[in-house]
Amino acid sequence: MLKDAVMPRFTGPEELRTELFQLLANDSRAVGLVLQHCFDGVFYWDLKDFSRQFVGPRFWEMLGIDAESEDAKDWHNRVHAEDRQNFYLAIEEAIQKPDVGIDQIVRYRMANGEWLHIRTRGIVILDDGGLPLRLLVLNSDVSDHVSLEASERASRQQLEQALRDKQISEEELQFIFDAIPLQVFYKDDQNIILRANKLAAENLGMNAEDLKGADTYDLFPDMAAKYHEDDLKVIDSGVPELGIVEAYAPKDRPTGWVKTDKIPMRFADGSRTLLVVAADITELKEQSARLEKLSEASSQFASIAAHDLRSPLRQTRALMDMLLGEVREAGVELSEDGAFALDHITVSLNKMEKMVSDLHMLSKLESRSVERLPVDINVVMERVQRAHEGLLAQANANITIASIPQVTGSERLVEYVLSNLVRNACNFRRGDNVNISLHAELDVPNQRQKIYFSDDGIGVPEGQRKRIFEPFARLEAGKTGEGTGLGLAIVSRIMTAHGGDVSIDSSYKSGTRFILRFPVTGVLGHGS
């Protein structure tokens with residue numbers, strides 16, 4: 001269904017409007033005429049399955065692409081990197097507020113490499129339950145208008161640049177370069193260094209003046225070809241590339257790692273240059289490698305420990321059962337303290353077995369690859385409720401579940417996540433009852449399906465919201481002492497194994513709200 005506020009106003013007799021709509025609904029020729037000549041491109045996108053999309057043929061013709069070719073499989077990768085995130089944010093806003101709609105100018109890369117400016121106007125279509133169903137987008141080519149504005153802006157910038165050039169001397173420009181506490185290289189598209197700062201020169205055992213005119217192939221013989229290839233991609237695209245982590249291997253100097261930002265620059269005379277700013281992250285990279293090895297070792301230890309603990313636990317339980325059997329057969333009447341001690345031993349053994357099982361699962365999650373199958377959250381929650389009928393009845397729990405789209409992953413692991421959250425909600429309730437609710441929200445810019453699990457229990461203190469996902473971290477105010485302190489750590493690892501994450505919503509003040517973020521598969525993930 002559509003919101004009334006986004007319906008356009010028409011002039012003329014109402015019966016002709018109605019007739020026109022019926023014609024478009026029933027006559028494919030009329031629809032084809034509209035798609036071909038009234039708009040420069042039409043998108044019709046399934047918001048429940050991103051892999052399903054209809055793109056009108058006029059759009060591909062406008063980009064100089066054969067609609068039947070492989071290049072017409074995905075329009076996402078043709079959106080300019082600077083515009084793509086804003087476009088996804090606009091889609092998300094339109095999903096949250098269907099009355100708002102979408103109206104943006106987005107750059108698309110044509111077959112010849114040039115950029116076309118498209119005005120994109122769209123609406124979100126909702127299903128009968130009010131959930132996002134489809135996205136309808138109509139496009140118009142506004143490149144001429146944008147080009148005129150850009151020409152005027154470029155003229156102003158050219159004038160400003162000329163004024164700046166007169167005011168800044170070579171010495172002042174070098175002073176600014178040297179003041180930056182990072183390595184700075186200014187290169188042309190032939191990989192020749194035009195200017196560098198003092199820090200960059202010192203790391204190469206040179207001075208900044210000697211670096212002018214130096215060939216990167218001489219300075220970095222092992223890495224220059226890759227540097228040059230990557231540089232040309234950035235220069236050709238005209239789009240800055242930020243946060244590149246790459247090896248740093250100068251000739252006859254210590255090697256390491258750098259995080260690099262590359263900013264392309266073009267000038268009126270046709271020259272193309274690149275500003276490269278690099279931060280040395282060698283120490284961080286080495287620390288990360290050591291932590292990874294330490295994590296792997298601790299995971300192996302936990303797995304071995306859990307495996308080796310199971311055997312004595314089974315033996316202890318067997319001996320305990322045998323002892324209880326002999327006591328019953330002998331008709332021995334235990335004292336109150338003796339009965340309490342035996343009950344306490346049984347409870348402790350159960351808790352120990354659960355802890356060992358959780359520890360083993362936690363260690364396995366470090367390196368496991370999660371299966372990628374559709375998981376129906378609604379069905380999984382039904383199974384969770386049946387498995388915890390007793391606990392839910394004891395806690396007087398009321399569970400409300402909105403319609404939730406499928407996620408992709410391991411159904412068994414997703415069931416563990418939801419089971420743990422249900423148990424926590426019951427154990428950490430505020431009074432004699434607890435209200436639990438689940439609903440979903442599509443996060444288009446970050447390509448995530450967010451599932452909100454809320455309860456009106458005691459909540460988690462602000463200072464413990466991050467620590468609560470660490471192994472053996474526990475709240476002190478729970479109703480029971482049955483937890484092992486590993487449940488939420490396992491939940492966090494499961495979500496990480498799925499390519500997502502879990503957090504506590506700090507804005508929720510009526511108890512605790514967990515946000516489970518599952519990655520969304522389909523064409524939305526291409527090139528984002």
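Me: Is Phe-59 buried or exposed?
Reply: This is a predicted model. The relative accessible area of Phe-59 is 0%. The cut-off for burial is under 20%, so Phe-59 is buried.

Me: What geometry does the aromatic pair of Phe-59 and Tyr-108 have?
Reply: The whole structure holds five aromatic pairs. In the pair of Phe-59 and Tyr-108, the ring centres lie 5.2 Å apart, with 80° between the planes. An angle over 60 degrees sets the class, so this pair is edge-to-face.

Me: How many residues apart are Phe-59 and Tyr-108?
Reply: Phe-59 sits in helix 3 (residues 57-62). Tyr-108 belongs to strand 3 (residues 102-109). The pair links distant parts of the chain, and the separation is 49 residues.

Me: Why is the pair of Phe-87 and Tyr-88 classed as it is?
Reply: The ring centres of Phe-87 and Tyr-88 are 6.4 Å apart. Their planes meet at 25°. Planes under 30 degrees apart fall in one class, so the pair is stacked.

Me: Which loop holds Asp-252?
Reply: Asp-252 is not a glycine, but has a positive phi of about 60°. Asp-252 is exposed, at 73% relative accessible area. Its loop runs between strand 8 (241-248) and strand 9 (256-266).

Me: Where is Asn-396?
Reply: Asn-396 also has a positive phi, near 50°, without being a glycine. At 46% relative accessibility, Asn-396 is partly exposed. Its place is the loop between helix 14 (389-394) and strand 12 (397-401).

Me: How many residues of helix 15 are buried?
Reply: Helix 15 covers residues 411-427 and reaches 24 Å from its first C-alpha to its last. The helix is mostly covered. The buried count is 13 of its 17 residues.

Key
Residues numbered from 1 in each chain as written. Predicted model: local features only at pLDDT ≥ 70, side-chain atom pairs only at ≥ 80, totals over all residues. Heavy atoms only, no water. Helix = DSSP H or I, 4+ residues; strand = E, 2+ residues; numbered from the N terminus. Expected span 1.5 Å × (residues − 1). Buried < 20%, exposed > 50% of the residue type's maximum accessible area, 1.4 Å probe, protein only. Phe/Tyr/Trp six-rings, centres within 6.5 Å; stacked < 30°, edge-to-face > 60°.
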